[in-house]
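Work through the exercises below with the sequence and the coordinates open. Each task is followed by a solution in steps.

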Amino acid sequence: MDTSATSASPVDVDKFLVEKLLAPEPEMAAARRRAHDAGLPHIEVSEVQGKFLMLLTQIAGAKRVLEIGTLGGYSTTWLARGVGPEGHVTTCEYEPLHARVAADNLAASGVEDRVEIRIGAALDTLDSLLAEDGEPFDLFFIDADKENNAHYIDLAIMLGRPGSVIVVDNVVREGAVLEEGDPLTDAGRLVNGVRRGIDVLGSNPRVDATALQTVGVKGWDGFAVGIIR
Ligand code: SAH
Ligand code: DHB
Ligand code: MG
């Protein structure tokens, strides 16, 4: 296909897709603004990705979702919409300020009753959830400190059931995933964490996974999506 006639960029296309496919969502736009105004980093999923998470939740029929990495609650809100009023989202966040902004955003979107924000290191929270021995989770969205991705995936397999879905954000990182990172730098440790997560998805017989690269307002990155066997 000859695409040389267009000067469009992935960012332009994201804007086009949002305009065509997403209803105007003042609450969702306000949630982003509130997070940015509070000084939170601009690293939430994009609008089209957020809606993808909602639809995936609905496609899976997921009613119990576990999110790792809340930030200002932007992806959380999409997941909460996906599970519907009878569903439930547990979301893990280390930073009290992020959790506070998220709580405000969830309330403004009217989904606060179906979301529990657990403040603390997600590894501890997941250990507590294992000890609590509740109903299995139907879908996981792993999007926090990438160094722990492999642990989060292992724990998700224990907290899920056959058929549960595992989604991992940021598995491409502008292609950085291809090379072992320098363990002495933050960026290197991050990419090594992403790589170990992909290794678990590829080698653990309890999970069957693929990954899709994405471009758009968030640059070149990707999601891994797996199912627990
Ligand atoms: N899912 C969000 C973005 C999450 S950004 C969205 O798309 O809208 C990653 C978040 O994970 C940050 O808020 C960060 O504070 C949090 N985080 C980092 N390390 C963590 C840890 N060990 N436990 C829990 N949360 C952590
Ligand atoms: C970045 C993006 C993310 O989705 C994330 O979870 C962490 C960092 C980034 O663009 O730096
Ligand atoms: Mg992310």
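The exercises concern a predicted model, and they go from the sheet to the helix pairs and then to a salt bridge.

**Exercise 1. Determine the strand order of the open sheet and state which strands stand at its edges.**

Solution. 
- Step 1. The open sheet has 7 strands, and their order is 3-2-1-4-5-7-6. The pairing is mixed.
- Step 2. Strand 3 (115-119) and strand 6 (207-214) each have a single partner strand, so both stand at the edges and one side of each lacks a neighbour in the sheet.
- Step 3. On average, neighbouring strands of this sheet are turned by 15° against each other, with direction ignored.

**Exercise 2. For strand 2 with strand 3, and for strand 6 with strand 7, state the sense of pairing and the number of bridges.**

Solution. 
- Step 1. Strands of a sheet pair through backbone hydrogen bonds, in either a parallel or an antiparallel sense.
- Step 2. Strand 2 (residues 88-93) is parallel to strand 3, with 5 bridges between them. Thr91 has Ile117 of strand 3 opposite.
- Step 3. Strand 6 pairs with strand 7 (residues 221-228) over 8 bridges, and here the sense is antiparallel. Leu212 has Phe223 of strand 7 opposite.
- Step 4. Strand 6 and strand 7 form a hairpin with 6 residues between the strands. In this hairpin Gly216 has a positive phi near 145°.

**Exercise 3. Find which strands helix 4 lies across, and give its angle to strand 2.**

Solution. 
- Step 1. Helix 4 (residues 74-83) lies across strand 1 (64-68), strand 2, strand 3 and strand 4 (139-142).
- Step 2. The angle between helix 4 and strand 2 is about 165°.

**Exercise 4. Classify the packing of helix 3 with helix 4 as parallel or antiparallel, and list the residues that meet.**

Solution. 
- Step 1. The axes of helix 3 (residues 47-59) and helix 4 come within 8 Å, crossing at roughly 30°.
- Step 2. Angles under 35 degrees count as roughly parallel, and helix 3 and helix 4 are therefore roughly parallel. Their crossing is right-handed.
- Step 3. From helix 3, the residues Glu47, Gly50, Lys51, Leu53, Met54, Thr57 and Gln58 meet Tyr74, Ser75, Trp78, Leu79, Arg81, Gly82 and Val83 of helix 4.
- Step 4. Sorted by class, this contact of helix 3 with helix 4 has 6 nonpolar, 5 polar and 3 charged residues.

**Exercise 5. State how many salt bridges the structure holds, and locate the one between Glu132 and Arg118.**

Solution. 
- Step 1. Side chains of opposite charge can pair when their charged atoms come close.
- Step 2. The structure holds 10 salt bridges. One of them joins the side chains of Glu132 and Arg118, at 2.9 Å from N to O.
- Step 3. Glu132 belongs to helix 6 (residues 122-132) and Arg118 to strand 3, so the pair, 14 residues apart, links distant parts of the chain.

Notes
Residues are numbered from 1 along each chain as its sequence is written. Chains are lettered from A and ligands numbered from 1 in the order in which they are written. This is a predicted model: local features need pLDDT of at least 70, side-chain atom pairs count only at pLDDT 80 or more; totals for chains, interfaces and linings use all residues. Side-chain values use heavy atoms; hydrogens and water are left out. Two strands pair if DSSP finds at least two bridges between them. Helices (H or I, at least four residues) and strands (E, at least two) are DSSP runs, numbered from the N terminus. Axes are lines fitted to C-alpha atoms, for helices over the stretch in contact, and angles run from 0 to 180 degrees between N-to-C directions. Contact means heavy atoms within 4.5 Å. A salt bridge is a side-chain nitrogen of Lys or Arg within 4 Å of a carboxyl oxygen of Asp or Glu. Angles under 35 degrees count as roughly parallel, over 145 as roughly antiparallel, 65 to 115 as roughly perpendicular and the rest as oblique. A crossing is left-handed if the near helix is turned anticlockwise from the far one by less than a right angle, and right-handed if clockwise. Ala, Val, Leu, Ile, Met, Phe, Trp, Tyr, Cys and Pro count as nonpolar, Asp, Glu, Lys and Arg as charged, and the others, Gly among them, as polar.
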